[in-house]
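Here is a brief report on how one protein model is packed and paired. Keep the sequence and the structure open as you read.

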Amino acid sequence: MSEIRIRELKLEDYETIITLWQSTPGLGVNEADSKENIGIFLSRNNGLSFVAEIGNELVGTILCGHDGRRGFIYHLAVHDKYRRRGIGQKLVEGCLAKLQEAAITKCHLFVFADNSQGMDFWDHIGFHKREDIHIYSKNI
């Protein structure tokens, strides 16, 4: 296998990453994931989101941001033929390192209740499921 290269996600990657997100079971894509909105997210969270490449192929992606107090991870996706090679963990580690540099000491993420593969991954790399909170959402 060629070497895995992790680099900062750029808006020019949008067409490739949206295709990966749309083809990844357990990952929800909606209007918040438009190219314009991802551009705004990346500019507000400069240097915190990454892609993984093998050769010239983009094989993984992660969005990361923070609110000045807590970090948040969104849309971790690794192409199914490249899973179980440590790519997801490397992407997460890159985000956590950047959050730590920004003095962020806790990171949250959201996993759909029926995404058992995703929950297994997050458990495996040391995240824990909170039982003491509920998420409420409202479209505005």
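## Basis

This is a predicted model, in which local features need pLDDT of at least 70, side-chain atom pairs count only at pLDDT 80 or more, and totals for chains, interfaces and linings use all residues. Residues are numbered from 1 along each chain as its sequence is written, and side-chain values use heavy atoms, with hydrogens and water left out.

Helices (DSSP H or I, at least four residues) and strands (DSSP E, at least two) are numbered from the N terminus. Buried means under 20% relative accessible area, exposed means over 50%, and partly exposed is in between (1.4 Å probe, protein chains only).

## Nonpolar cores

A nonpolar core is a set of buried Ala, Val, Leu, Ile, Met, Phe, Trp, Tyr and Cys residues joined through side-chain atoms within 4.5 Å. The largest one has 22 residues. Within it, I62, I73, I87, L91, V92 and W122 touch the most other members. The top contributor is α3, with five residues.

Take V92. Not counting residues up to four places away in sequence, V92 touches I62, I73, L76, F121, W122, I125 and F127. Contact here means heavy atoms within 4.5 Å. Another core, of 13 residues, lies apart from the largest one; L9, Y14, L42 and L58 are among its members.

## Helix α1

The buried residues of α1 are Y14, I17, I18, L20 and W21. They sit on the same side of α1, because they cover an arc of only 160 degrees around the axis. That arc is taken from the directions from the helix axis to the C-beta atoms. On the face turned away from the buried side are the exposed residues E15 and Q22. The buried residues pack against α2 (35–44), β2, β3 and β4.

I18 belongs to this helix, which spans residues 14–22. Its relative accessible area is 9%, so I18 is buried. Leaving aside neighbours within four places in sequence, I18 is in contact with V29 and D33. I18 and L99 are 81 residues apart in sequence and 24 Å apart in space, C-alpha to C-alpha.

## Salt bridges

The structure holds six salt bridges. Each is a side-chain nitrogen of Lys or Arg within 4 Å of a carboxyl oxygen of Asp or Glu. E53 pairs with R5, with the closest N and O atoms 2.3 Å apart. E53 lies in strand β2 and R5 in strand β1 (residues 4–8), so the pair ties together parts 48 residues apart in sequence. E53 is buried at 9% relative accessibility, whereas R5 is partly exposed at 45%.

D13 and R7 form another salt bridge (2.7 Å, N to O). Both D13 and R7 are buried. R5, R7, D13 and E53 are linked in a network of salt bridges. R130 also forms a salt bridge with D132, at 2.8 Å between the closest N and O atoms. R130 is partly exposed at 32%, and D132 is exposed at 55%.

## Surface patch

F110, I133 and I135 form a nonpolar patch on the surface, with about 300 Å² of accessible area together. I135 is found in the segment after α4 (116–124). At 55% relative accessibility, I135 is exposed.

Such patches are made of residues with over 30% relative accessible area and no salt bridge; nonpolar side chains (Val, Leu, Ile, Met, Phe, Trp, Tyr) are joined within 5 Å, and like charges within 9 Å. Accessible areas come from the Shrake-Rupley method with a 1.4 Å probe; for residues, only the protein chains shown count as cover.
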